[in-house]
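Hi everyone, thanks for coming. I'd like to walk you through one model today, so please have a look at it on the screen before I start.

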Amino acid sequence: MNIILLGIQGSGKGTLVAQLQKHLSFTLISTGQLLRDEVKKNTDLGKHIHELLTAGKLVETETVINVISHKLNTCSGVVLFDGFPRNNEQAEKLNKILKVDFVIHLKLDKETALERLLSRLTCSNCGFVTNKKHISTTKCPKCGHELSVRSDDVVDGINKRFEIYDKETYPLIEKYNSLGARIIEVDASKQPSEICKEILKVIKDEYHY
Ligand code: AMP
């Protein structure tokens with residue numbers, strides 16, 4: 001079973017992944033996290049990716065595919081894609097490899113998303129995501145590393161990412177609908193546990209998983 005997670009930046013994709021992991025066993029392919037891991041290696045490729053990430057631009061599809069290729073070629077069972085595909089070119093490449101069964105669309109207005117992103121704290125070690133309002137320490141509760149503001153979580157970078165999302169990523173929902181995938185629309189302003197429950201119900205009822 002293959003699932004794609006789509007939603008504007010700040011709609012809670014990372015938080016939802018953490019919730020789903022408590023109830024469902026799956027291989028996670030999170031391109032943003034894998035690209036940030038590449039940046040940490042400080043290689044020429046990592047430096048190049050860092051520049052694009054900071055500017056809020058998309059990384060070239062070929063680079064993204066290279067970074068996820070090992071996971072992509074070995075994944076089986078339930079696979080959850082977070083942040084991929086991001087545009088039609090990537091969706092076409094993915095279509096050649098597998099069939100998408102579910103698209104989870106986290107719907108959120110831009111104002112709320114912007115507010116969330118500007119107060120988001122992330123652990124660069126394990127990917128844990130929280131909000132300054134919900135935590136009183138600067139240490140990651142999962143692994144103890146320092147929490148920080150992502151370098152692309154600044155107003156200019158965020159607006160650029162919103163623009164790309166509207167133009168290139170959002171149309172994928174209609175594309176997958178016409179390809180026969182089940183689109184699960186959820187209100188991303190709800191509590192993560194509630195959202196998770198709604199999604200699991202649909203998957204269980206319709207996929208008999
Ligand atoms: P995310 O963690 O999903 O918000 O992604 C952070 C950044 O990584 C994005 O703003 C892009 O610069 C880059 N990125 C993540 N996934 C992709 C992708 N599928 N294609 C191109 N760039 C990506």
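Let me begin with a question: which residue takes a positive phi just after α3? It's Gly-56, and its phi is about 75 degrees. Before I go on, please keep in mind that this is a predicted model.

Now let's stay with α3 for a moment. This helix covers residues 44-54, and its buried residues are Gly-46, Ile-49, Leu-52 and Leu-53. If you look down the axis of α3, those buried residues fall within an arc of 125 degrees, so they line one face of the helix. On the face turned away from that buried side, you'll find the exposed residues Asp-44 and Glu-51. And what covers the buried residues of α3? The cover includes α2, residues 31-40, and α4, residues 61-74.

Between α2 and α3 there is a loop, and Asn-42 lies in it. Have a look at its backbone: Asn-42 has a positive phi of about 60 degrees, although it is not a glycine.

Next, the sheets. There is an open sheet of 5 strands, with parallel pairing, and the order is β2-β3-β1-β4-β8. Which strands stand at the edges? They are β2, residues 27-30, and β8, residues 182-187; each has a single partner strand, so one side of each is left without a neighbour in the sheet. From one strand to the next, the twist averages 20 degrees.

Let's zoom in on β4, residues 102-107, which pairs in the parallel sense with β1, residues 2-7, over 5 bridges. As an example, Ile-3 has Phe-102 of β4 as its bridge partner. β4 also pairs with β8, again in the parallel sense, over 6 bridges. Here you can pick out Lys-107, whose bridge partner in β8 is Asp-187. So is β4 enclosed or open? Of its 6 residues, 5 are buried, so β4 is largely enclosed by the rest of the structure.

There is also an open sheet of 3 strands, in the order β6-β5-β7, and its pairing is antiparallel. The edge strands here are β6, residues 129-131, and β7, residues 147-148, each pairing on one side only. Strand β5, residues 120-123, is joined to β7 by 2 bridges, and these two strands run antiparallel.

Phe-84 has one more thing to show us. The peptide bond from Phe-84 to Pro-85 is cis, with omega near -5 degrees. As for where that is, Pro-85 is found in the loop between β3, residues 79-82, and α5, residues 88-95.

That's my tour, and I'm happy to go back to any part of it.

How values were computed:
Residues are numbered from 1 along each chain as its sequence is written. This is a predicted model: local features need pLDDT of at least 70, side-chain atom pairs count only at pLDDT 80 or more; totals for chains, interfaces and linings use all residues. Side-chain values use heavy atoms; hydrogens and water are left out. Buried means under 20% relative accessible area, exposed over 50%, partly exposed in between (1.4 Å probe, protein chains only). Helices (H or I, at least four residues) and strands (E, at least two) are DSSP runs, numbered from the N terminus. The arc is that of the directions from the helix axis to the C-beta atoms. Contact means heavy atoms within 4.5 Å. Two strands pair if DSSP finds at least two bridges between them. Axes are lines fitted to C-alpha atoms, for helices over the stretch in contact, and angles run from 0 to 180 degrees between N-to-C directions.
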